[in-house]
Amino acid sequence: MKDRVAFIYSEEQLNYKFSSHHPFNQFRLKLTVDLLTRIQGLDAEHIIPPRMATEEELALIHDPSYIDAVKKAGHGQLPKEIAENYGLGTEDTPVFPNMHEASSLLVGGTLTAVDQVMTGKALHALNLGGGLHHGFRGKASGFCIYNDSSVAIKYLQEKYNARVLYVDTDAHHGDGVQWSFYDDPNVCTLSIHETGRYLFPGTGNLNERGQGLGYGYSFNIPVDAFTEDESWLQAYTQALKEVAEFFKPDVILTQNGADSHYYDPLTHLSATMKIYREIPKLAHEIAHKYCGGKWIAVGGGGYDIWRVVPRAWAHIWLEMSENSNCYGSLPADWIAYWQKDSPVVLPKEWDDPENLYTPIPRKAEITEKNLITLEKALYPIRNQQKN
């Protein structure tokens, strides 16, 4: 399998940077690549540099006036009051120099992954620089300027005539992608996320099932705050298996936000590294069962860039490349090299300790609540099967 996988990366992807204090920090890409390199899990021959998305490709999803606004903002030519109408210059999405170019490279990275897979050069492809799932047609949102996944799905449809299953395991609802294809029966979106009662963007409710011809092709499983591994994995496993069997996609595109972990500073879930072992395993299985192996994966959220993201994202690549070299201790040289820069003590093991946090008193209640949510989310599929 090692010769049929592609890892999309260049250090230019780190240019997507709002500020030194902003929680969205692409330095996590470099930490992940270095971790994989030190365990000899990533060879130079598998690394493919991303290309820049063209304006025509961006316009598959984004309004040309918005693209123009992003270009002007990145060169200091967009007045503040106009910028705010486009979601630019906000606390979440500040303006930074050359933001159009940096954002276009992230989109182009996902399109590079698409072409690698759909032309048969690779069976699986990973662009950790992508996964910016909150971007809208004419507005930036939630740290996301352009929505690479939405552009990639439209590109998959127009260039390859593919039916796409989009699976989003970020703790934040994949709203931008969902709304882009809400009325499209050839794109199925599945998002498993923390309930919007407490977390941005506040959407992803059970009743968001699509509209028009797309009704019944949007699936949302909002899990309760403080959800732990077993309950989260039950929702993910059952939902992905049943949705894939229902939709039978040509290709699977997974968004792999790493912010459901207990350590993440922006969310309220209580998952550990256990879920990040299992997420890519099942995605891999589904890709081979329904898509002839065609699997494109992108990054996403993840704001504990030192203790969580490198380990979580390394699991995706190691699963894609069928490399099980991710048990026991992390490489001592990786820890020694980066500990001087890290504001927290780096973990020494691939897995988290069993006593990562104190027991949660509402565990049974949360688990039962999530199970009811799962049953309601999948009811339309099961009801259809009965009839």
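Trainee: With which residues is Leu206 in contact, leaving aside its neighbours within four places in sequence?

Mentor: A note on the source comes first. This is a predicted model, in which local features need pLDDT of at least 70 and side-chain atom pairs count only at pLDDT 80 or more, while totals for chains, interfaces and linings use all residues. Residues are numbered from 1 along each chain as its sequence is written, and side-chain values use heavy atoms, with hydrogens and water left out. Contact means heavy atoms within 4.5 Å. With those sequence neighbours set aside, Leu206 is in contact with Asn220, Pro222, Thr373, Lys376 and Ala377.

Trainee: How is the packing of helices α8 and α9 to be read?

Mentor: Two packed helices are described by the angle between their axes and the distance between the axes. Here α8 (residues 229-247) and α9 (residues 273-290) have axes that come within 11 Å and cross at roughly 10 degrees (axes are lines fitted to C-alpha atoms, for helices over the stretch in contact, with angles from 0 to 180 degrees between N-to-C directions). The two helices are therefore roughly parallel to each other (under 35 degrees; over 145 is roughly antiparallel, 65 to 115 roughly perpendicular, the rest oblique). Contributors to the contact include Trp232, Leu233 and Tyr236 of α8 and Ile275, Glu278 and Ile279 of α9.

Trainee: What does Leu233 touch, not counting residues up to four places away in sequence?

Mentor: Leu233 touches Ile275 and Glu278 on that count. Leu233 is buried, as its relative accessible area is 18%. Between Leu233 and Lys274, 41 residues apart in sequence, the C-alpha distance is 9.0 Å.

Trainee: How many aromatic pairs does a search of the whole structure find?

Mentor: A pair of aromatic rings is described by the distance of the centres and the angle of the planes. The search finds 23 pairs (rings of Phe, Tyr and Trp, the last by its six-membered ring, with centres within 6.5 Å; planes under 30 degrees apart are stacked, over 60 edge-to-face, the rest tilted). Tyr155 and Tyr160 have ring centres 6.3 Å apart and planes at 75 degrees, so this pair is edge-to-face. Trp179 and Tyr182 also form an edge-to-face pair, with 4.7 Å between centres and 70 degrees between planes. One aromatic cluster consists of Tyr16, Phe18, Phe24, Phe96, Phe143 and Tyr303.

Trainee: What is the phi of Phe143, and which residues does a cis peptide bond join?

Mentor: Most residues other than glycine have a negative phi, and most peptide bonds are trans. Phe143, although not a glycine, has a positive phi of about 75 degrees. Phe143 lies in the loop between β3 (124-127) and α6 (148-160) and counts as buried because its relative accessibility is 9%. The cis bond joins Phe200 and Pro201, with omega about 5 degrees; Pro201 is in the loop between β5 and β6.

Terms used. Helices (H or I, at least four residues) and strands (E, at least two) are DSSP runs, numbered from the N terminus. Buried means under 20% relative accessible area, exposed over 50%, partly exposed in between (1.4 Å probe, protein chains only).
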